[in-house]
Amino acid sequence: MSLITLGALTAGGLLLCSEYEKKQLKVRRYEISHQKIPESFDGVRLVMLADLHARSFGEKNNRLYEEIRALAPDYILTAGDMILKTQPFDTEETARFLGKLAGLCPVYCGNGNHELKLRQIKAGRRTAYDWYTDSLRKKGVRVLSDETAVLERAGGRIDVTGLDLGLAYYGKGFHVPMRPDYLVRKLGEPAEGRFHILLGHYPNYFPEYAAWGADLILAGHMHGGTVRLPSLGGLMSPNYEFFPAYDRGLYRQGRSAMVVS
């Protein structure tokens, strides 16, 4: 067997694995403890979603909806790429699904690179991003675009911020250093003494997110490493980075934690 044939078979096998993994639905549970979390938030359940990419699990996403409903969430947070940039005017099903989730509990959406690329697509005087996010808001979903929402329970407060990471930072095959003042210029300083959740789609900037003051980062983008190898983990990120440092799961740095979908 020639090396070319072997390479083609390997690539084909990895592609099949990737397609198979895209169709799998699993719930991962993590427990986050931190001295800044108010007592009134003890036991609160957050459901995090990322990188749905307009995929449907069951008709009209009923299977995914029932999985989430069974978890009895207090809040639902999305960390970006819930839609596809290649389907800029086919986002209503995703908006409808998120609106249905808003009937269970408050839903807060951050943006990923796919949402941000919708801003480059015009529809008359508006962009595809405007149409999509307006639809979300009409359905009771809060969109956090470089914005912070305050969650309150029995006098206790925690902050949730959605970061619109500039598309220049999603470099293909190389890492773009983040300017030291970038997050402060975009988001301001986090409230002192208050537990802060950052919806930061791209996990490779975990050190910068932590240094800014995020106590919990919810991220996605890596798709688990696109293809996962036994014992080795994710093979390659969507940015063509082999064996990415943050591919899925829970990571810690100092007092900050990050969960990658």
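**A close look at a sheet**

Tutor: Let's begin inside the sheet, where four bridges connect β8 (residues 156–162) with β9, the two strands running parallel. T161 has L198 as its bridge partner in β9. Before we go on, keep in mind that this is a predicted model, in which local features need pLDDT of at least 70 and side-chain atom pairs count only at pLDDT 80 or more, while totals for chains, interfaces and linings use all residues. Residues are numbered from 1 along each chain as its sequence is written, and side-chain values use heavy atoms, with hydrogens and water left out.

Strands (E, at least two residues) and helices (H or I, at least four residues) are DSSP runs, numbered from the N terminus. Two strands count as paired if DSSP finds at least two bridges between them.

Now cross to the other neighbour of our strand. β9 (residues 196–199) is also joined to β10 (residues 216–219), by three bridges, and this pair runs parallel. L198 turns up again here, with I217 as its bridge partner in β10. Buried means under 20% relative accessible area, exposed means over 50%, and partly exposed is in between (1.4 Å probe, protein chains only).

Keep walking and you reach β14. Strands β10 and β14 pair in the parallel sense over four bridges, with L218 opposite V259 of β14. β14 (residues 256–260) is mostly covered, as five of its five residues are buried.

Six strands form an open sheet in the order β7-β8-β9-β10-β14-β13, and the pairing is mixed. The edges are β7 (147–153) and β13 (249–253), each of which pairs on one side only. On average, neighbouring strands here are turned by 20° against each other, direction ignored. These angles run from 0 to 180 degrees between N-to-C directions, and the axes are lines fitted to C-alpha atoms, for helices over the stretch in contact.

For contrast, look at another sheet. This open sheet of four strands has the order β1-β2-β3-β6, with parallel pairing. Its edge strands are β1 and β6 (142–143), each pairing on one side only. β1 and β2 pair over four bridges in the parallel sense, and M48 stands opposite L77 in β2.

Within α2, L64, Y65 and I68 are buried. Viewed down the axis of α2, its buried residues fall within an arc of 100°, so they line one face of the helix. That arc is taken from the directions from the helix axis to the C-beta atoms. The buried residues of α2 pack against β1, β2 (75–79) and α3.

Those contacts lead us to the largest nonpolar core. It has 26 residues, and L49, F97, L98 and L101 are those with the most contacts inside it. A nonpolar core is a set of buried Ala, Val, Leu, Ile, Met, Phe, Trp, Tyr and Cys residues joined through side-chain atoms within 4.5 Å. The elements giving two or more residues to this core are β1 (46–49), α2 (62–70), α3 (92–101), β3 (107–110) and α5 (128–138). Not counting residues up to four places away in sequence, F97 touches L49, L52, N61, L64, Y65 and I68, where contact means heavy atoms within 4.5 Å. There is also a second, separate core of 24 residues, which includes M178, Y182, L183 and Y205. In soluble globular proteins, nonpolar side chains tend to be buried together.
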